[in-house]
Amino acid sequence: MSLLPLFPVTTVGSWPRPPELLRAQRLRQKGEMGEEEFNKLADDAVLKVLRLQDEAGVDMVTDGEQRRDNFYSFVATKMEGIKLMTLAEMLDLVEDKVSFERILRTLDVPSYSISNATCIGKVKRARPLAVQELKFVRQHTHKPVKVTLPGPYLMTRSMYLPSVSSKVYRTKEDLGEDVIVTLREEIYELMEQGADFIQFDEPVLTELVFTQGQTRTFMCAALAARKDPAEELEFAVSLINRVVDGFHRSRLGMHICRGNWSQDEATLLRGSYHPLLKYLERMKVQQLVLEYATERAGDILHFEGKELGLGVVNPRTENIESVEEIKQSIERALRIYPPDKVWLNPDCGFSSFSNRPVNSSDIAFRKLKNIVAAAHSLRT
Amino acid sequence: MDKVSWNLRIVAEEKEPATVYVRKHQFRVGVPLQFDPEYQHITALEYALGALSADVVGGLQAVSRRRRLKLYCIEAVVSGELNNPLTYLGVVGETGNPGLEHVNMTVYVSSTAKEEDIREIWGEMLQKSPLVQTLKPTVKLDFVLKVTA
Ligand SMILES: [Zn+2]
């Protein structure tokens, strides 16, 4: 792995897919396109994303999650016991139908367009989840590579649909045991293959603390009835710590945000990371990749012993943050963190859901370029 | 062609929702309309809106099959407004009528076919839809078609 400069610039993962790849994803899901043909299109898309990151001057690259339909349900095709179910198939089974309907109407999307990886049998890793993605990227870049994976809490929580999953796992916690095994197998292989950074995405943690008594905004979290947030957060801590236990070769991080499905900021969750602080500090990952480019996230907090992946641009706005603005954000973080603990990234991916990009590739590129320029000017 | 008619029988016992008997089938319908989201039965108004939407969705399926154009999934989201629901309740001083005034419908269609071909099918369906054609002269129908991947 090449040595990283001060303020390494990276992304949170996803990049808008070209239209032909979106169409191919649909055909692939319908079994109307073979794996080989799909992979050819996806390879081209990944190469383009790598080129763009290179041109922008990013220090650590991702494959833009081009092969995935979204940031978490892509694992369905790679695991036994998991079925990708559209919400249309699940409407009958969800407990909180009123919340569901509200979310769908706010999103202005049909229920058939959103899929959830749902536990229907004994869960096992049948194929690698992201190792092939990493291998491909490795062949085409000399830069350090970040791989994103859905975090164990997100996986367990979203996969457990009581009406179908309880036949196999009595509780969500029981399912968590097999999710841990699955992710540990994956991490082991990713580290063997030289992943420089493994990032777990756990957006749903914010849902636990910001939505008490309010509309729920995470589709995957609305599947099951709500439990006590403190208990759920403890569960999340224990899951992640068991997943990463003993692994040291790659840098491990966790990304937590307040949702990335709408360009309307008012529909996304609001609140400081403060209620999560004592839990996040106990998670045995080196870096917290957090959103700070939106005022909804509140003030920058000090997380003891962690690196900060500082969100300096909003992936959902057309406005391109200026180099000066980005530098100011970094300087704010430097009042709390030593320079060697600060990494730079957008607040989230640019297309967490393949069919719902929050920006164009062009704007994403220009935002990254300004982050790089800000980093350069602060390094000298 | 001789006039064809469709025959149903609706029976309501005291305080019970009505049962509709049609051919070999039957279903129950509650009061004409309700404001309480917890109300236990499906109201006549909800059935009417459901029927209108199912007419649109089913019509699209039928026309697309005939034209051999593949639609993976069709989904309609509907909301209806009455001219003045308070007149239904008999609120003193309220004017207007309790009739349907406005129906908003978004129809999502998932297909990898060309959008213009789907729009053509959409147009044909609207022309042929019995319920759309019934309501069109008196109810404001705002229908939007959205084609997704
Ligand atoms: Zn995010």
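## A salt bridge between two strands of chain A

In this predicted model, Arg251(A) and Glu307(A) are joined by a salt bridge, with their closest N and O atoms 2.9 Å apart. The pair brings together distant parts of the chain, for Arg251(A) belongs to strand β5 (residues 251–256) of chain A and Glu307(A) to strand β7 (residues 307–313) of chain A, and the two residues are 56 residues apart.

Are these two partners buried or exposed? Arg251(A) has a relative accessible area of 18%, and it counts as buried because the cut-off for that word is under 20%. Glu307(A) is buried as well, with a relative accessibility of 8%.

## Other salt bridges within chain A

Arg125(A) forms a salt bridge with Glu185(A), and here the closest N and O atoms are 3.6 Å apart. Because Arg125(A) lies in strand β2 (residues 115–125) of chain A and Glu185(A) in helix α8 (residues 172–192) of chain A, this pair ties together parts that are 60 residues apart in sequence. Arg125(A) is buried, at a relative accessible area of 13%, whereas Glu185(A), at 35%, counts as partly exposed.

The side chains of Asp54(A) and Lys143(A) also meet in a salt bridge, at 3.1 Å from N to O. Asp54(A) sits in helix α2 (residues 35–56) of chain A, while Lys143(A) is found in the loop between α5 (131–140) and β3 (146–150) of chain A, so that the pair links parts of the chain 89 residues apart. Asp54(A) is partly exposed, and its relative accessible area is 45%.

His255(A) and Cys257(A) are both buried.

## Where chains A and B meet

The contact between the chains takes 11 residues from chain A and 15 residues from chain B. Together chain A and chain B bury about 1200 Å² between them, and 50% of this area is on carbon and sulfur atoms.

Between chain A and chain B there are two salt bridges, and Asp108(A) forms a salt bridge with Lys146(B), in which the closest N and O atoms are 2.4 Å apart. The two chains also have 11 residue pairs in polar contact. On the side of chain A that touches chain B, the largest share, three residues, comes from helix α1 (residues 19–29) of chain A. Sorted by class, that side of chain A has four nonpolar, one polar and six charged residues.

In chain B, a network of salt bridges links Arg66(B), Arg67(B), Glu120(B), Glu124(B) and Lys128(B).

Asn83(B) lies in the loop between β4 (73–82) and α2 (85–89) of chain B, and at 31% relative accessibility Asn83(B) counts as partly exposed. Leaving aside neighbours within four places in sequence, Asn83(B) is in contact with Gly96(B), Asn97(B), Gly99(B) and Glu101(B). With Glu101(B) there is a polar contact between the two side chains, at 2.7 Å. Asn83(B) and His102(B), which are 19 residues apart in sequence, are 7.9 Å apart in space from C-alpha to C-alpha.

Note on methods. Residues are numbered from 1 along each chain as its sequence is written. Chains are lettered from A and ligands numbered from 1 in the order in which they are written. This is a predicted model: local features need pLDDT of at least 70, side-chain atom pairs count only at pLDDT 80 or more; totals for chains, interfaces and linings use all residues. Side-chain values use heavy atoms; hydrogens and water are left out. A salt bridge is a side-chain nitrogen of Lys or Arg within 4 Å of a carboxyl oxygen of Asp or Glu. Helices (H or I, at least four residues) and strands (E, at least two) are DSSP runs, numbered from the N terminus. Buried means under 20% relative accessible area, exposed over 50%, partly exposed in between (1.4 Å probe, protein chains only). Contact means heavy atoms within 4.5 Å. Buried area is the accessible area (1.4 Å probe) that two parts lose on being put together, summed over both. A polar contact is a pair of N or O atoms within 3.5 Å; within protein, one must be able to donate a hydrogen and the other to accept it, and residues adjacent in sequence count only if both atoms are side-chain atoms. Ala, Val, Leu, Ile, Met, Phe, Trp, Tyr, Cys and Pro count as nonpolar, Asp, Glu, Lys and Arg as charged, and the others, Gly among them, as polar.
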